Amino acid sequence: MTEEKKPEERKKRRTATEAASRIGPMVKATIGGTVQAREEGKPIAYSFICCCYDEIIRAMDIVPVWTENYAGVCGAKRDAQRFLERAEAENFSRSLCTYALCGLGFDAWREELGEMPPESPWGGQARPDMMLGSGQMLCDPRNKWYQASQRYMPDVPVYDVGLPWPPYEDDYDYREVQDYYVKYIVEELKGLVQFLEKHTGRKMDWDRLSELVDLADRTWNLIWETYELRKAVPTPMGTGDAMNTMVPMVFMMGTQEAYDFYKELNDELKHKIANKEGEIPDEKYRLIWGGGLPAWFALTDFNYFNNKGAVFPVETTYRMVEAIYHFDIDLSKITDPLEHVAWRWVKFWTYWYDKAKKRPGSHPDVERLIQYIEDYKIDGIVMHEAFSCRSWHVGLIWQLNQLKKVYRDIPSLILESDIVDISSYNEADTRARIDAFIDTLEAVKSRGR
Amino acid sequence: MSQYFAGIDLGSTMTKVVIMNQAVLASVIGPTGPEHRKLANRVMEEALVKANLPFADITYVVATGYGRINVPFADKQITEISCHARGVGYLLPEVRTVIDIGGQDSKGIKLKDGRAVDFVMNDKCAAGTGRFLEVTAEGLGVKLDDMGKLSLTAKNAVRISNTCTVFATQEVVAKLAEGVPLPDIIGGLHEAIAARVYSMVRRLKIEREVALTGGGAKNIGLVKALETKLGYPVLVPPEPLLTGAIGAALLGKDIVKEAAEKGETLPRSERRLQEATFFT
């Protein structure tokens with residue numbers, strides 16, 4: 001009876017910052033809040049992170065259920081297998097995105113029972129009133145997942161927001177076409193607002209939306225400034241914590257709570273830096289988490305790195321903001337909130353294009369890595385290939401090879417497993433690789449001495 | 001008074017022990033196996049007998065390999081990447097890239113000044129490891145030791161399309177049933193494993209000279225298949241199974257030397273040969 005099995009809960013990861021330690025309870029309360037909202041009859045929407053519509057749903061008081069987040073929670077609690085197996089039994093391929101599989105398995109089960117599956121992690125994922133796809137260029141489940149969910153919830157409407165950005169080419173300037181992209185995204189967002197108005201019976205409060213867009217801009221800047229503090233030696237916060245502190249960034253954007261969280265984190269990091277309080281007492285190696293979503297069931301691996309004297313002052317994963325004031329366009333002059341959001345989206349994804357063009361053979365993702373390696377005084381790169389997430393992970397090895405070609409040789413480690421499926425993970429092998437990587441870092445450092 | 005150093009490489013398939021002072025005094029290679037693994041101490045004992053030394057005379061013991069963590073009589077555990085690098089650096093100083101094909105994993109190591117500066121590893125999939133040949137040899141009813149030589153007699157090596165070891169076994173049995181000559185099938189298997197290892201190690205930007213170590217290096221068919229992939233000859237140490245253990249012993253020597261230079265006293269394990277506690 002696989003479905004009845006309740007695995008033992010994983011020991012919690014040790015956090016370095018007070019802020020990161022608050023995230024678990026915050027997420028638990030948020031998930032519990034969605035179940036409560038359902039009972040109270042508030043409109044609920046399945047939503048994707050980095051969706052461009054955060055402020056829109058907040059302005060209309062729609063309660064988001066972040067389905068990727070819930071799958072991640074199931075993974076972190078090592079309780080996803082029963083939902084993955086359920087999806088597989090529904091004829092979904094095991095090689096699909098395991099966030100989607102976990103969510104589909106959960107939904108199939110919940111809809112069959114008419115209530116939450118037994119002992120659902122943190123109370124379960126609330127049934128939505130609508131599902132808001134968010135198709136990025138590189139992630140197909142964001143288009144298809146909710147359409148597949150309609151097999152179990154045919155009464156729940158889906159709106160799929162198309163969110164493209166100009167692709168990178170080194171022989172043309174994306175600015176030639178950026179207006180078209182912005183126009184397209186604005187149309188998509190207008191369609192979303194109409195869809196939400198129709199299905200909630202509420203009217204968009206455009207003034208409130210503008211206020212929230214401004215709040216999100218300020219939050220972006222604050223996050224950027226806060227994360228930049230991690231350049232300090234020793235670094236006050238590592239990627240293990242950042243995998244927690246990303247929660248307000250990607251699940252609570254456009255809320256005062258998110259802004260306040262980063263203000264407190266900013267204060268905490270400044271305090272730690274003033275006191276020379278590093279993530280670990282004896283920082284020997286500074287690493288970058290150079291790509292790949294984390295294995296949510298194995299976040300204690302970050303503690304394992306720490307125990308070896310390694311810290312991660314920076315990561316590319318879930319650093320989904322840039323300083324707005326660094327964009328080559330003054331967003332404050334764009335008063336239409338939908339247009340404003342569309343420009344922010346396009347400018348974020350094209351942020352590294354100009355830099356990449358200056359270095360032959362480089363690429364925006366590579367250039368970002370190089371900049372972080374320089375800025376954060378990085379000794380080595382760690383990447384994670386999550387087998388089920390092709391779209392985000394397919395280019396990692398290429399990026400690494402290009403980086404070594406156009407920049408310099410730097411020790412690197414590729415970890416292999418998954419975001420949710422724990423059967424892909426072997427702790428002993430992973431840690432053997434980490435040990436070997438630490439040896440190579442030491443060898444490289446000692447050659448330089 | 002002479003100093004003696006022991007390196008013990010507890011691999012997934014074979015356990016290797018080396019005792020050194022200025023050179024290798026004694027070495028023993030024994031199967032790891034489920035029961036033998038618990039008896040690593042006996043392999044060590046055998047090496048001590050060969051070297052005509054009591055255990056108490058061993059200055060420092062370094063354990064490496066898959067089971068290194070649980071060798072209770074080791075003074076230190078060091079990863080096989082570092083040990084292979086040190087061992088190859090000592091045996092073949094001109095080598096810049098090491099390809100190690102073991103029973104359970106395969107790895108590529110980039111060397112600079114005899115130390116590992118980068119590596120890649122396959123520990124996820126049996127294809128590309130010794131296990132691939134072991135399993136397919138069994139499926140074909142051929143002795144593992146004969147596989148390499150037989151592959152060299154292939155006239156038209158077949159393409160093995162399955163990268164999964166289990167399915168590849170079915171595929172080769174089907175080829176046999178189709179009447180494909182055995183050497184051509186075995187030749188195809190060697191090409192498949194070489195292609196898999198080569199594509200992994202290429203991530204390191206392979207530099208000459210290249211050394212092949214581990215059990216895979218004892219298979220002449222695999223050596224040739226890899227040389228074909230690389231386009232030039234590879235170097236193979238005299239006993240390719242021992243490079244990790246030699247490296248472990250040498251790193252032990254380095255550690256003792258460094259401690260002496262700093263005037264430090266190194267902590268040592270009790271010189272009592274206890275069973276490795278891998279399974280407990």
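Predicted model: local features only at pLDDT ≥ 70, side-chain atom pairs only at ≥ 80, totals over all residues.
**Entry 1**

I started at B:Glu209, which is in the loop between α6 and β9 (210-213) of chain B. (Helices are DSSP runs of H or I with at least four residues, strands are runs of E with at least two, and both are numbered from the N terminus.) I looked at the backbone here and found a cis peptide bond joining B:Arg208 and B:Glu209, with omega about -5°. Most residues other than glycine have a negative phi, and most peptide bonds are trans. I also checked the side chain of B:Arg208: it lies over the face of B:Tyr232, at 4.2 Å from the ring centre. (A charge sits over a ring if NZ of Lys or CZ of Arg is within 6 Å of the ring centre and within 35 degrees of the ring normal.)

Residues are numbered from 1 along each chain as its sequence is written, chains are lettered from A and ligands numbered from 1 in the order in which they are written, and side-chain values use heavy atoms, with hydrogens and water left out.

A cis peptide bond joins A:Val233 and A:Pro234, with omega about -5°. A:Pro234 sits in the loop between α8 (206-228) and α9 (239-251) of chain A.

Next I noted A:Asp61, which is not a glycine but has a positive phi of about 55°. Its place is the loop between α2 (54-59) and β2 (63-66) of chain A. A:Asp61 counts as partly exposed because its relative accessibility is 45%. (Buried means under 20% relative accessible area, exposed over 50% and partly exposed in between, with a 1.4 Å probe and protein chains only.)

A:Arg78 also has a positive phi of about 55° without being a glycine. I found A:Arg78 in the loop between α3 and α4 (81-89) of chain A. It is partly exposed, with a relative accessible area of 21%.

**Entry 1: ring pairs**

Then I took A:Tyr70 and A:Phe106. Their ring centres are 5.2 Å apart with planes at 75°, so I wrote this pair down as edge-to-face. A:Tyr70 is in helix α3 (residues 67-76) and A:Phe106 in helix α5 (residues 98-113) of chain A, so the pair ties together parts that are 36 residues apart in sequence. I checked burial here as well: A:Tyr70 and A:Phe106 are both buried.

I also jotted down one aromatic cluster, formed by A:Trp165, A:Trp220, A:Trp345, A:Phe348 and A:Trp349.

**Entry 2: helix α4(B)**

Which residues of helix α4 (residues 144-152) of chain B are buried? I got B:Met147, B:Gly148 and B:Ser151. They cover an arc of only 90° around the axis, which puts them on the same side of α4(B). (The arc is that of the directions from the helix axis to the C-beta atoms.) On the other side of α4(B), B:Asp145 and B:Lys149 are exposed. The cover over the buried residues of α4(B) includes α3 (130-140), α6 (182-201) and α7 (220-230) of chain B. (Contact, here and below, means heavy atoms within 4.5 Å.)

**Entry 3: where A meets B**

Last, I looked at the interface: 26 residues of chain A are in contact with 20 residues of chain B. The two chains bury about 1,900 Å² between them, 47% of it on carbon and sulfur atoms. (Buried area is the accessible area, with a 1.4 Å probe, that two parts lose on being put together, summed over both.) How many salt bridges does the rule find across the interface of chain A and chain B? I got two. (A salt bridge is a side-chain nitrogen of Lys or Arg within 4 Å of a carboxyl oxygen of Asp or Glu.) I looked up the salt bridge between the side chains of B:Asp118 and A:Lys404, at 2.7 Å from N to O.

Terms used
Phe/Tyr/Trp six-rings, centres within 6.5 Å; stacked < 30°, edge-to-face > 60°.
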